[in-house]
Amino acid sequence: MDSESTILALGALAQPTRLDTFRLLVRHEPDGLPAGEIARQLDVPQNTMSTHLGILSRAGLVKSERQSRSIIYRADLDALRALTLFLVKDCCAGKPELCAPLVAELVPCC
């Protein structure tokens, strides 16, 4: 990931509905959710959700796949990993012991 991609991704997440959408999709990995279900769960009009999903998609944070008459959206966990690594790459001036608490919290609980 480079600076431009990072800025695009963070800009996409810097809006409450898009941030909520991305977090919802992360929770529903690996199955994803149809656009209508995302809109329903977040109480957002479907046309507005479509716009938000387009922004997240262009930022590389979500992927979509047509399944029959539905479009299933999924969080792109590789992009999330790349974004996180880019942000903390030079963490703590090369002193790994200072980063240990951060890394420990990033390890999934399940």
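Start by selecting α1 (3–13) and helix α5 (residues 77–88), which pack at an angle of about 115 degrees with their axes 11 Å apart. Here the axes are lines fitted to C-alpha atoms, for helices over the stretch in contact, and angles run from 0 to 180 degrees between N-to-C directions. Helices (H or I, at least four residues) and strands (E, at least two) are DSSP runs, numbered from the N terminus.

A word on what you are looking at: this is a predicted model, in which local features need pLDDT of at least 70 and side-chain atom pairs count only at pLDDT 80 or more, while totals for chains, interfaces and linings use all residues. Residues are numbered from 1 along each chain as its sequence is written, and side-chain values use heavy atoms, with hydrogens and water left out.

Back to the pair: α1 and α5 are roughly perpendicular to each other, a label for angles of 65 to 115 degrees. Now show side chains: Ser3, Thr6, Ala9, Leu10 and Leu13 in α1 meet Leu83, Phe86 and Leu87 in α5, where contact means heavy atoms within 4.5 Å. By class, this contact has 6 nonpolar, 2 polar and no charged residues. For that count, Ala, Val, Leu, Ile, Met, Phe, Trp, Tyr, Cys and Pro are nonpolar, Asp, Glu, Lys and Arg are charged, and the others, Gly among them, are polar.

Next, the largest nonpolar core. Which of its 19 residues touch the most other members? Select Leu25, Ile38 and Leu61. Such a core is a set of buried (under 20% relative accessible area, 1.4 Å probe, protein chains only) Ala, Val, Leu, Ile, Met, Phe, Trp, Tyr and Cys residues joined through side-chain atoms within 4.5 Å. α1, α2 (16–27), α3 (35–42), α4 (46–58) and β3 (70–75) each supply at least two residues of this core.

Stay on leucine 61: leaving aside neighbours within four places in sequence, its contacts include Ala9, Leu13, Phe22 and Leu56.

Now for the backbone. Select glutamate 29 and proline 30, joined by a cis peptide bond with omega about 5 degrees. Proline 30 sits in the loop between α2 and β1 (33–34).

Aspartate 43, with phi about 55 degrees, lies in the loop between α3 and α4 and is exposed (over 50%) at 71% relative accessibility. Finish at serine 68, with phi about 60 degrees, in the loop between β2 (62–67) and β3; serine 68 is exposed at 69%.

Technical notes. Parallel < 35°, antiparallel > 145°, perpendicular 65-115°, else oblique.
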